[in-house]
Amino acid sequence: MTTRNLDALFEPKSIALIGASNRPGSVGAVLARNLLDSGFAGPVLPVNPHEAFIRSTLAYASVADLPLAPDLAVIATPPASVPGLIADLGERGCRAAVVITAGFGEAGGQGADLKMAMLEAARPHLLRIVGPNCLGVISPSRGVNASFAQLTPPAGGLALVAQSGAVTTAALDWASARGYGFSRVVTLGDMADVDFGDALDFLALDADTRAIVLYVEAVTQARKFMSAARIAGRNKPVVVIKAGRSAAGARAALSHTGALAGADAVYEAAFRRAGLLRVQELRELFDAVTTLTSGLKVRGDRLAIISNGGGAGVMAVDALEARGGRLAQLSAATIERLGKSLPAAWSKGDPVDVLGDAGPERYGEALEAVLEDRCADAVLVMNCPTAVTDSTAAARAVIEVAGRRNPRPAILTSWLGEAAPAQARKLFAAARIPTHETPDEAVRAFMHLAEHERNHRLLMQVPSAQDGPAPDRAGAQAILDKARGEGRALLTDPEAKTVLTAYGVPVARTLTAATPSEASKVADSLGGPVALKILSPDISHKSDVGGVVLGLSGGEVVAAAAEAMLANVARAAPAARIEGFMLQAMVERPHAEELIAGIALDPTFGPIVLFGSGGTSVEVVADRSIGLAPLNAHLALDMIGRTRVSKLLAGYRDRPPADLDAVADTLVRLSRMAVELDGLAELDINPLLADAGGVVAVDARIRVSAPGVAAPAPAIKPYPDDLVGELELAGGARLAVRPIRPEDAPGLMALVDRSSAEDVRLRFRSGLRRLPEEWAARLSQIDYDREMALCAVTPQGDILGVARLASDPEGVEAEFALMVRSDRQHQGLGHALLSRVVDFGQSRGLTRIYGEVERGNHRMLQVARDLGFRAGPSEDLSLVRVVKSLK
């Protein structure tokens with residue numbers, strides 16, 4: 001239901017407290033104190049049949065006795081009473097309730113029945129419920145403290161959303177002592193109704209909120225969470241702590257991919273894809289928010305360091321490498337320039353050691369030189385107090401240089417010590433230059449900026465349409481269906497490779513033999529050394545049972561090895577069914593890296609893709625990254641870059657770089673398999689060999705799910721291929737029509753460039769003449785679950801028009817926008833495109849579609865009337881609101 005009636009939760013005009021109490025120390029008494037003493041301007045209505053007054057406020061015996069319908073109710077009564085109270089409140093017109101009470105199914109049984117009854121009571125009235133089993137809700141700027149927290153925090157721009165009341169009270173206490181103010185605080189408890197997706201949808205557009213922090217234990221509706229998080233992440237920083245990072249949360253699995261894809265690693269991938277910054281502990285949470293709201297921006301992870309102490313510089317470098325950052329490589333020109341202004345004993349590289357006697361002039365000259373070098377995304381300037389220099393004067397020099405250069409790379413500072421740097425830190429704060437007490441804290445702040453920027457680029461990535469030949473989806477599905485129909489959990493290796501081949505993944509040629517003598521003949525036909533492997537539907541990891549022998553030459557040798565293999569496998573896996581042997585010509589790729597690529601299903605986020613270092617030690621090395629399916633090339637390359645093996649793939653010594661595009665293409669193809677093939681539960685390619693010549697899958701195993709077992713849906717909606725088609729214009733001209741793609745950004749800019757200034761003004765209601773690149777990126781990179789944009793495209797790839805729908809979070813109504821290139825108007829294109837998006841909205845179950853049209857835009861108003869839209873007033877008197885009901 002997302003944001004419907006959440007205004008009553010955060011900005012109520014009246015509040016009822018059911019279960020209010022005068023008993024000292026009780027939850028009802030603390031709730032009453034917080035509601036009555038926090039400055040709420042509206043009426044607070046206590047309900048308690050046994051009390052005439054709560055504190056100095058008149059109490060009421062029941063909901064029916066209330067003199068008015070409260071916007072918000074806070075309930076702290078026994079669990080059995082709550083469903084009836086919700087029904088009574090809904091009848092009175094209450095729009096939201098905070099259920100403090102626990103006992104609604106945390107341990108199953110009767111509590112689960114009560115939770116269902118509570119939700120059924122709320123549903124007819126669209127009454128929203130926070131909780132049960134929660135601390136409550138706080139909106140400091142509105143004087144609302146509907147919680148039993150120990151304090152009311154000051155108002156500010158930070159929103160806190162948490163599942164744990166205990167963590168929330170600790171965070172409020174810690175943050176308030178350090179001057180943090182809050183716009184909203186909401187504890188979700190058991191999330192019977194309002195969940196993280198709902199809260200993020202509201203806060204994304206909340207003018208009082210500048211940044212959002214989350215404490216997450218579990219996500220329930222993954223697609224809603226991802227859509228809401230991506231919208232929030234586009235608008236403001238979102239920082240998250242996720243509890244439960246241990247490996248004990250990983251499920252048992254037949255495949256390496258399943259074993260490596262632990263639940264926490266999947267959450268990490270989801271947070272990255274949504275543009276959220278994940279941190280590990282409470283203090284880091286608030287430090288990260290401070291950094292991300294400071295206004296500093298970085299483009300990458302290259303840091304230059306200036307220090308008057310070599311040891312401090314080394315500490316900063318250690319912290320940088322430990323967090324995955326890169327030390328900037330200063331150019332030869334910068335080194336030469338620094339050499340002219342610094343003493344001969346300076347470090348002659350990065351970190352730039354200006355030596356312990358450095359005064360303000362030396363700091364200023366070094367900073368000027370480094371800032372002019374394009375090598376660094378940010379500069380960290382550090383100072384260790386000495387008896388021969390003035391730390392405060394050095395700080396003033398840094399501030400002066402920073403003030404003269406705008407725009408410039410981000411500058412962070414760390415003046416070490418306690419008493420000596422106190423004045424310098426005040427000066428930096430006044431100049432809005434971030435300063436930190438230790439090198440590690442400063443580097444951590446830089447990496448927060450770098451990781452947030454990297455994640456922000458990921459959230460802008462959307463699944464793209466697949467280029468090249470279409471896969472043989474039907475052929476691959478038939479193989480999976482056959483195995484499921486036979487009651488098998490595993491495909492044979494040849495079957496698995498046939499599925500990969502159907503999706504265009506290169507595989508090593510594999511032949512089969514039923515007996516050792518047949519294996520001998522196959523080996524002779526292959527010629528040269530061969531690999532011999534056992535063929536069994538019951539054996540997943542063949543090498544574990546002696547089912548792999550490599551480098552065999554000659555039929556007789558192969559036959560003997562096959563006989564020995566049968567004996568070894570019989571001892572190691574006596575119950576396994578043996579169907580024969582597989583033979584492959586030995587793949588001679590001496591410079592290839594052994595990789596693993598795979599698919600698994602996460603119960604929350606659906607299909608995922610795994611990549612990392614492969615081979616028999618894959619689980620020991622545990623070098624892997626995870627991405628949510630579906631992927632595009634950019635997302636796949638980012639996955640590769642997050643692994644240690646990526647450094648080997650980049651080439652070293654006599655090994656040329658591997659074909660990373662081929663590796664990324666394999667991951668994209670696997671992601672397509674993951675979202676398209678019904679019954680595909682797990683897939684391993686191990687090893688996937690990669691070198692300069694491309695990739696080849698040597699071994700593959702696929703596990704299928706039992707018939708009738710529904711797979712979790714992808715957390716991110718795939719590219720909607722079903723909307724690709726054609727439209728015919730007046731005169732018989734035909735154009736392709738399809739959903740917009742990320743690569744359409746230049747086409748959108750060209751559409752605007754080739755349109756008249758008046759048409760551009762009517763579409764964007766501004767005087768812009770060219771579409772900025774960032775606007776084009778935003779308009780072409782959409783969440784297909786919440787938005788749709790259909791493009792009319794010529795055979796040459798020119799975009800002639802775009803019709804767009806943006807749905808509200810509830811999926812009830814959507815706003816349309818339409819633009820047709822000026823020279824292609826009056827041909828029925830606008831009518832055809834708008835008709836298509838209206839049909840799409842109807843298919844999605846929307847109730848109505850509306851648009852805001854300038855009064856003088858007669859052509860657009862006529863198109864809307866022709867399609868059944870009705871004109872009405874808009875809040876903006878210069879506009880007409882046109883609405884089409886889809887019921």
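**Cores, rings and cysteines**

Mentor: The largest nonpolar core has 66 residues, and Leu-9, Leu-200, Leu-214, Phe-225, Met-226, Leu-276 and Phe-605 have the most contacts inside it. A nonpolar core is a set of buried Ala, Val, Leu, Ile, Met, Phe, Trp, Tyr and Cys residues joined through side-chain atoms within 4.5 Å. A second, separate core of 54 residues includes Tyr-719 and Val-838. This is a predicted model, where local features need pLDDT of at least 70 and side-chain atom pairs count only at pLDDT 80 or more, while totals for chains, interfaces and linings use all residues. Numbering runs from 1 along each chain as its sequence is written, and side-chain values use heavy atoms, leaving out hydrogens and water.

Trainee: Why is the pair of Trp-174 and Tyr-180 called stacked?

Mentor: Rings of Phe, Tyr and Trp (its six-membered ring) pair if their centres lie within 6.5 Å, and planes under 30 degrees apart count as stacked, over 60 as edge-to-face and the rest as tilted. Here the centres are 6.5 Å apart and the planes at 25°, so this pair is stacked.

Trainee: What makes Tyr-180 count as buried?

Mentor: Buried means under 20% relative accessible area, exposed over 50% and partly exposed in between (1.4 Å probe, protein chains only). Tyr-180 has 18% relative accessibility, so Tyr-180 counts as buried.

Trainee: How do you know that Cys-134 is in no disulfide?

Mentor: A disulfide is a pair of cysteine sulfur atoms within 2.5 Å. By that rule the count is zero disulfides. For Cys-134, the nearest cysteine sulfur, that of Cys-94, is 14 Å away. Cys-134 also counts as buried, because its relative accessibility is 5%.
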